[in-house]
Amino acid sequence: MRRYGKHTDEDDVRVRPNRKGNRPRTNIRPKHEDASEGFVLTVDRGRLHVLIDGRTIVAMKARELGRKSAVVGDRVAVVGDLSGEKDTLARIVRVEERSSVLRRTADDDDPYERVVVANADQLAIVTALADPEPRPRLIDRCLVAAFDAGLEPLLVLTKSDLASAEKLMESYGAFGIRYVVTSREELTEGDAARRVREKLDGRITAFVGHSGVGKTTLVNALVERQRATGHVNAVTGRGRHTTTSALALPLPDGTGWVIDTPGVRSFGLNHVDPSRVIHAFPDLEPGTEGCPRACSHDEQDCALDQWVTDGHADPQRLYSLRRLLATRERREGD
């Protein structure tokens with residue numbers, strides 16, 4: 001065997017050829033300064049549809065991103081073939097910092113968080129007034145998730161031709177949440193879509209709701225596009241899932257986005273820190289300064305009781321806060 005001394009020349013060093021003909025491995029990753037910015041419209045079996053400069057391209061996630069996934073609403077950096085032509089595939093090399101993240105878990109015992117939508121600033125909670133009946137516990141859970149993510153909630157009440165919205169809104173009046181009431185006839189012949197659209201202007205709004213509440217029918221009316229719709233089972237009172245993946249759709253006037261998400265039958269809150277929910281109640285938050293450490297805001301020594309007694313906030317607001325905090329301990333069907 002040939003051995004080399006301390007003072008070898010380059011000609012004395014044997015370099016083994018790269019049999020595969022590819023580059024040697026390196027820890028230095030390209031920075032992709034010339035990457036184009038895109039907006040993720042939908043994710044379908046590992047392929048992402050991304051809007052770049054007015055055209056939709058298909059891309060896949062680069063290996064260097066590891067386990068970090070891109071979701072609908074993400075701003076991403078894309079390289080490769082950006083023509084958008086058939087059978088072309090680009091590559092997502094970076095997911096930009098998110099301004100907001102709407103998450104959910106399968107149930108309250110599930111530690112695995114699922115990111116529903118990124119970068120939305122409003123959450124439209126769609127519920128039917130009848131067929132199927134409203135589920136206040138599910139609405140409460142969606143409100144908690146919205147407050148935790150920093151999204152402004154909007155209640156959209158459908159099928160007002162079957163039942164009045166008055167009783168349900170008595171329960172949510174103290175929350176100070178914006179709402180709009182629609183009927184099936186108004187969506188096809190009236191101005192319901194216009195009234196809802198006014199509340200979406202200039203915003204990215206994620207739509208969530210129980211299956212069968214008319215969410216996709218509403219989205220179709222808003223964006224003038226047809227996604228498949230379903231019906232409510234007469235025996236179980238449950239709707240059938242017709243939207244299987246989240247999809248971002250532009251409003252016709254180009255001033256906002258609607259993100260239609262699959263219908264949910266549960267909304268787990270295992271990921272939510274209850275201490276953050278108080279931030280959605282600015283009239284109550286100053287009263288927590290006198291609370292004991294790690295106060296749950298629903299115990300004997302909670303300072304919020306005295307805060308309300310002194311007239312700084314409406315008692316119904318404190319009741320609403322405690323009701324939301326308690327949703328994490330209850331199932332939707334309770």
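The model is a predicted one, in which local features need pLDDT of at least 70, side-chain atom pairs count only at pLDDT 80 or more, and totals for chains, interfaces and linings use all residues. Residues are numbered from 1 along each chain as its sequence is written, and side-chain values use heavy atoms, with hydrogens and water left out.

**Cavities**

Let's start inside the protein. Two cavities of 30 Å³ or more are present. A cavity here is a set of points, on a 1 Å grid over the protein atoms alone, where a 1.4 Å probe fits but cannot get out, and lining residues have an atom within 4 Å of a point. Volume means the space filled by probe spheres set on the points.

The largest cavity has a volume of about 90 Å³. It is lined by 14 residues, and those closest to its centre are Val126, Thr127, Leu138, Ile139 and His210. Two elements, β8 (122-128) and α1 (136-149), each give two or more residues to this lining, with β8 providing the largest share, four residues. Helices (H or I, at least four residues) and strands (E, at least two) are DSSP runs, numbered from the N terminus. By class, the lining of the largest cavity has nine nonpolar, three polar and two charged residues. Nonpolar covers Ala, Val, Leu, Ile, Met, Phe, Trp, Tyr, Cys and Pro, charged covers Asp, Glu, Lys and Arg, and the others, Gly among them, are polar.

The second largest cavity holds about 40 Å³ of space. Its lining includes Val144, Leu269 and Arg328, and helix α7 (residues 315-327) supplies the largest share, three residues.

**Salt bridges**

Now to the charged pairs. The whole structure has 20 salt bridges, each being a side-chain nitrogen of Lys or Arg within 4 Å of a carboxyl oxygen of Asp or Glu. Three of them are listed here.

| Salt bridge | Closest N and O atoms |
|---|---|
| Arg178 and Glu152 | 3.2 Å |
| Glu152 and Arg203 | 3.0 Å |
| Arg184 and Asp161 | 3.4 Å |

Arg178 lies in strand β10 (residues 178-181) and Glu152 in strand β9 (residues 152-158), so this pair ties together parts that are 26 residues apart in sequence. Glu152 is partly exposed at 33% relative accessibility, where partly exposed falls between buried (under 20% relative accessible area) and exposed (over 50%), using a 1.4 Å probe and protein chains only. Arg178 is also partly exposed, at 27%.

Finally, Glu186, Asp191, Arg194, Arg195 and Glu198 are linked in a salt-bridge network.

Notes. 1 Å grid on protein atoms, 1.4 Å probe; cavity = no way out; pocket = protein on both sides within 12 Å on 5 of 7 lines; lining within 4 Å.
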